[in-house]
Amino acid sequence: MSDTNRRAFLKGSVILPPLAALGVSSASSQQTPAVDELAASAPAAATPAADDYKPTYFTAPEWAFVQAACARLIPNDANGPGALELGVPQFIDRQMGTPYGDAANWFMQGPFFEGAPEFGYQSQLTPKQQYRLGIKAIDAWCAKNLGRTFAALKPEQQDDVLKKVEAGTIKSDEAPLKTFFSGFLLKNVMEGFFGDPMYGGNKNMAAWKLIGHPGARADFMEWVDRPALYPYGPVDLHGRQA
Amino acid sequence: MRLAAQSWLIVILALIAAVAAFGLAINRNLPDPHLGPAMAKRAPNPSRGAYIATLGDCAACHTTPGGAALAGGVPLATPLGSVYSTNITPDREHGIGAYSFTDFARVMRQGVRPDGARLYPAMPYTAYAKVSDEDLQDLFAYLTQKVAAAPAPDRVPGIPWLLRVRWPLALWNKAFLQDARFAPEPAKGAAWNRGAYLVQGLAHCGTCHTPRGLGFQEISVDGGSAFYLSGARLAGESPVNLRGNAGDGLGRWSADEIAELLATGRSPHAAVLGQMGEVVAQSTQFMTPDDRSAIAAYLKSLPPAPEEGRATYAPSGATLAAFMAGRESTVPGARMFMDSCAACHRLSGEGEGRSFPHLGGSPTVLAQHPDSLIRVILKGARLPATEAAPSRLAMPPFGWRYDDQQVAALASFVRQSWGNNAAAVSAEDVERVRKGLR
């Protein structure tokens, strides 16, 4: 995301819910801050992962799917905690409440054609709709072929289903499952896992510690020509250290 | 209780009546502004007066941002409350259109209006008293002939009503006003004398940079004290020490570097902050190079203020070495510096040329009062745009990111690293400055 988009995203994540209730597009309400409003360079308030989080977009069956998928896509294993432990499901639920969830700043007018990948996203489905239809179709496939919903399957079965969805061998007339998996579910899980903790995922910067990423420190000029490992732990956008 | 309150009231009223009578007696006689006899024959030069207005930076206090030029209304904080600058356009009712030159000179030198009312010394007439007859006359010609009249009435001061009586300022003047023109010292040369005349007079540097006494008076207005221009604390900022101290002063600066800062707002040592940015943008960048150099020459001639209680600076690589060795964690504030500051100011504290200020030996960092340092951490800053250096480089604010305790630790780290040796900053200091920002 470009810097401008990121800001719009941050800003939108705060103002969208009331605007959505009024049916107003958030894009028109964005205002360019005056040059001297230095305070505007501060990010939105941090709302890190909450232990007692209740989803606002996903229904109970959808929430069970998202949690189960997170637990398999980045599992809790010898390397460290996984996507479920780091709050990624709530990151995705909250992400659906931003302009992104409604594709509010994408071009979403017809005509809609199947296109080669280099032409970008061609569907008229918003990210919210992708999740709603995609989860329903996968759960339906699991129920029909394996006798249970996705969340109730064994981990090995879940991995198998996800691999088949990704490969395009599980198809549905109701949802573009391959696009849902690669373009939304997997992508959003990675965003939540590696994004700043202020958005609800990457709890306590554990994902950054896992890969040795120092976080939002902006500059490492003094270290570039040194052979030794960088010795400092990460910092998040709100200055918290880990 | 009630009786006690009433008797107190009577005593206070009697006191007010007594001193008011005394005050009226003082007010009756308008002081003589001591204009030379040659003034009556001299033809004033309003164009030259425009430059005098620039040197004096009249607009800084008398022009509201976005408002009519020199129509007043800018709030100025005093210990008793805000006072508002007045309309100095030629409007006859609200401005100075009905003033004679003598009236104007009296205001500029003695702080007394034609109706006998006293100005609050927020108007730096103690400095303007140094200004020559000729410069005043040209300034008056400029203000009355070249400035557009604006019918803007003066604003009532935000000072409690009882304390708004102005006659005690006559006593203040008796105690603190040196009604004397600048006296050249020929032995020091033309540049020094021009610089001293500007610094003490029109440029009124001491208004912000000289510490004040119990009466809120500048403790020296003519360079006679070793504390003249030695740094102060005013309106949420801590204007720096302009004397020759190697730590918090300009001792390690060359005269050219001082002149460069006045022209561009930046130098290899530091960049301007806060209100000094406005001074550079509105006044010093438009001075002639000779005048800026004269000011620099005069400032460089000021010996260090007494070092007692002042910060020192002895450049040291120990801070950088500790960072590179991964040892920051033993020093509070170091990690915050690395997280939030080092991208621009570098782990060495050296910054980058004239873009990101050098923090080792920075007068603002080392100032006796840490207010400006705290303020810039909390609120960020933006360089003024000048003709020679138009980029308005900015530092983002960190007040949203760190609480008072954290800012205190960060500011203390900055004041005690790279060879800086200044007193630590307390969370109470930060709390006080933060409150002043709201």
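Mentor: A polar contact is a pair of N or O atoms within 3.5 Å; within protein, one must be able to donate a hydrogen and the other to accept it, and residues adjacent in sequence count only if both atoms are side-chain atoms. Across the interface of chain B and chain A, 12 residue pairs, both at pLDDT 80 or more, are in polar contact. On the side of chain B that touches chain A, two or more residues each come from helix H13 (318-324), helix H14 (334-340), strand S4 (381-382) and strand S5 (394-395) of chain B. That side of chain B divides into 15 nonpolar, three polar and nine charged residues.

Mentor: This is a predicted model, in which local features need pLDDT of at least 70 and side-chain atom pairs pLDDT 80 or more, while totals for chains, interfaces and linings use all residues. Residues are numbered from 1 along each chain as its sequence is written, chains are lettered from A in the order in which they are written, and side-chain values use heavy atoms, without hydrogens and water.

Trainee: What makes B:Arg346 and A:Asp219 a salt bridge?

Mentor: The term needs a side-chain nitrogen of Lys or Arg within 4 Å of a carboxyl oxygen of Asp or Glu. B:Arg346 and A:Asp219 have N to O at 2.8 Å, so the pair qualifies.

Trainee: How many residues of chain B are in contact with chain A, and how much area is buried between them?

Mentor: 27 residues of chain B are in contact with 27 of chain A, contact being heavy atoms within 4.5 Å. About 1,900 Å² is buried, 52% of it from carbon and sulfur atoms; this is accessible area (1.4 Å probe) lost on putting the two parts together, summed over both. B:Met324, B:Arg335 and B:Trp400 lose the most area in chain B, together 31% of what that side buries.

Trainee: Why are A:Lys164 and A:Asp160 separated by about one helical turn?

Mentor: Because they are four residues apart in helix H5 (residues 155-167) of chain A, a helix being a DSSP run (H or I) of at least four residues and a strand (E) one of at least two.

Trainee: Which residues, among others, line the largest cavity?

Mentor: Among them are B:Trp172, B:Phe176, B:Arg212 and B:Glu218. The lining divides into six nonpolar, two polar and two charged residues.

Conventions. Ala, Val, Leu, Ile, Met, Phe, Trp, Tyr, Cys and Pro count as nonpolar, Asp, Glu, Lys and Arg as charged, and the others, Gly among them, as polar. On a 1 Å grid over the protein atoms alone, a cavity is a set of points where a 1.4 Å probe fits but cannot get out, and a pocket is an open set with protein on both sides within 12 Å along at least five of seven lines; lining residues have an atom within 4 Å of a point.
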